[in-house]
Amino acid sequence: MTALTCRNDRRRQLIRERSLNGIDYVDVIGTHLCVHFLTGIPAELLPAKKGEPLTPDRKRDALQRIVIRGGRRVKNIKAVDFAPDEPATRFEQPCLGIEVDKEGDFSTYTLCFVELKDGHPTDEPMRSLDPRYAYIGFTFKSECPAEVDCQPADPCTPATQPQPSISYLAKDYASFRQLILDRLSLIMPKWRERHVPDIGIALVELLAYAGDSLSYYQDAVGTEQYLDTARQRISVRRHARLVDYAMHEGCNARAFLDVQVRADFTLDTKDVYFVTRPPNSSPPPVLREEFDLAPLRGGWLGFEPLTGGRPAELRVAHNLIRIYTWGDRECCLPKGATCATLLDETAERDEHDPGRCREEQKDEPPKPKYEYGHYPPPPPPPPPPRPLTLKPGDFLIFEELACAGTAFNSCMPGDGGFDGKTTQPDADKTHRHVVRLTNVAESCDELRGNRLLEVEWSRDDALPFPLCVSAIGTAPQCDFVPNLAVARGNVLLVDHGLTIADEPLPPVPPEPFLDVCEGEDDLRETPLLPGRYRPKLRNAPLTFAEPLAPGASATALRTQ
């Protein structure tokens, strides 16, 4: 059974339309129950053949199907006999008349028609009835008048006084004042004074002022009552505390910026800031603030480098750094990696060269010695200097340039292949991770003649995903595709916002005053008082910026 109640009982009509059945209602007269069904008395409660009486076995089984439950004082009521009651008119359907052994109390009983198992009733509703209408609640005292009334009638009902029509649109001082005067003109028609000095008008205006203050307070409380409409920060903070969230003052955004350069140079971070490119615009690489940025004031965001006042060393070799795989193929940096080997050459070589790894250089080359009339051959030239100048504390970005499942080597421009430098359109942009180097060591691969750089970073910056470096390309080429992922070393940590120092503020205005004569040829001394001072900054809005934590990992610097 269920306690569900519905206003639109559409299921009854569906049962009638689909020729199903269920209990409609019950009439109770003493110990006689007249049960009305939606589409007629079920076949389980009728004779097998129409016009013949019920056999004793069939009637015994039918009585077992009728179960009456409930009751507080009178319980265990059972059906002792039943028979169809003929309708009063031919337009009505017959009901099933059930005789019970005793009359119940004032509580609610439940009449159920259930299935039998081994000749005993079960809790399963009768299959010919809809499960929702196989039971019904009724009471034996529905026609009995109550003898006790909880609330006696008051014979002396006081006369109802006419209530004043209050306008709930009155919300300010003027409307409250007019509302009070209109009310007084009804209850005090002889009082018609409207001069301001009158004591009655003074009281009316005082009450209107109090009502205006209370109305404003009511609106303010209602506004601050909800998080979506609150205007004060303290209200938002209190709403957040209700859900155990401590709201802070907020801070600006941080990001890691990869700078591509065409020549090696040292960037003075105190004199430069970066801006985002507005949509549908192609500004020049170097922008002039008064000419290029002024028209785009609402379409760009400024970011300042966070280097602690130190200049940034930018190198062309750091634009794109290859991840060295030691000649192996189909390699990946696993998830959680904290070290990598970088190629410290302008191009990868593949020839045995032990001299490439001997980088001891003397100040002066040895002078050739004359022996037996022959000069020794000149020493080999020293290898070129290493292009990478990474050091502990620098940032490094590991980036996926192409997807291992769709990449193939490019043979000519425009064929959709991967050239090892350009980011492919289907590359996963989430596979970019910034690390801060904690250890940098030079090494070398004599077998293939390549100088290398071993870099390490902390576990806080461990790779959150596997980074595929090389793989077999797609069919029909099925070629080997290297450099699917690279590293970038010209990385700067930038902070959203621009620092404005020593902005001039307007002077404090004096309070206006009038010159007054103290006497003949005597001007009264008037003290100079400061006026209301509300200076406005030229640039807004302001933001909170966290100080730079020295030596923190890249992940810690992003988490503010």
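Mentor: The answer begins with the basis of the values and the chain as a whole, then turns to the core, the loops and a helix pair.

The model is predicted, and local features therefore need pLDDT of at least 70, side-chain atom pairs count only at pLDDT 80 or more, and totals for chains, interfaces and linings use all residues. Residues are numbered from 1 along each chain as its sequence is written, and side-chain values use heavy atoms, with hydrogens and water left out.

The chain holds seven helices and 26 strands; helices (H or I, at least four residues) and strands (E, at least two) are DSSP runs, numbered from the N terminus. Of its 560 residues, 31% are buried, where buried means under 20% relative accessible area, exposed over 50%, and partly exposed in between (1.4 Å probe, protein chains only). Among contacts between residues at least 6 apart in sequence, 68% join residues at least 24 apart, a contact being heavy atoms within 4.5 Å.

The part requested is the largest nonpolar core, which has 27 residues. A nonpolar core is a set of buried Ala, Val, Leu, Ile, Met, Phe, Trp, Tyr and Cys residues joined through side-chain atoms within 4.5 Å. Leu33, Val35, Phe37, Leu96, Ile98, Leu111 and Phe113 touch the most other members. Two or more residues each come from strands S1 (23–29), S2 (32–37), S3 (66–70), S4 (79–85), S5 (95–100), S6 (109–117) and S8 (135–138). Leucine 96 shows how these segments meet: beyond its neighbours within four places in sequence, leucine 96 contacts Leu33, Cys34, Val35, Phe37, Ile41, Leu45, Phe82, Ala83, Pro84 and Phe113. In soluble globular proteins, nonpolar side chains tend to be buried together. Another core, of 21 residues, lies apart from the largest one and includes Phe398, Val435, Val455 and Val469.

Aspartate 101 lies in the loop between S5 and S6 and is partly exposed at 40% relative accessibility. Leaving out residues up to four places away in sequence, aspartate 101 touches Asn76, Ile77, Lys78 and Val80. The C-alpha atoms of aspartate 101 and threonine 31 are 7.1 Å apart in space, although the two residues are 70 apart in sequence. Asparagine 76, one of the residues touched by aspartate 101, sits in the loop between S3 and S4. This asparagine has a positive phi of about 55° although it is not a glycine, and with a relative accessible area of 63% it is exposed.

A positive phi of about 55° is also found at asparagine 483, again not a glycine. Asparagine 483 is placed in the loop between S22 (480–481) and S23 (485–488), and at 17% relative accessibility it counts as buried. The loop between S21 (471–472) and S22 contains proline 476, which is joined to alanine 475 by a cis peptide bond with omega of about 5°.

Arginine 448, in the loop between S18 (432–445) and S19 (450–457), is buried, with a relative accessible area of 13%. Apart from neighbours within four places in sequence, arginine 448 is in contact with Tyr324, Trp326, Gly327, Glu348, Arg349, Asp350 and Glu351. Threonine 406 is found in the loop between S17 (395–400) and S18 and is partly exposed, with a relative accessible area of 41%. Threonine 406 touches Asp426 and Thr474, residues up to four places away in sequence not being counted.

Finally, helices H3 (residues 173–187) and H4 (residues 199–224) pack at an angle of about 135°, with their axes 8 Å apart. Axes are lines fitted to C-alpha atoms, for helices over the stretch in contact, and angles run from 0 to 180 degrees between N-to-C directions. H3 and H4 are therefore oblique to each other, since angles under 35 degrees count as roughly parallel, over 145 as roughly antiparallel, 65 to 115 as roughly perpendicular and the rest as oblique. On the H3 side, the contact is made by Tyr173, Phe176, Arg177, Ile180, Leu181 and Leu184; on the H4 side, the residues include Ile201, Val204, Leu207 and Tyr209.
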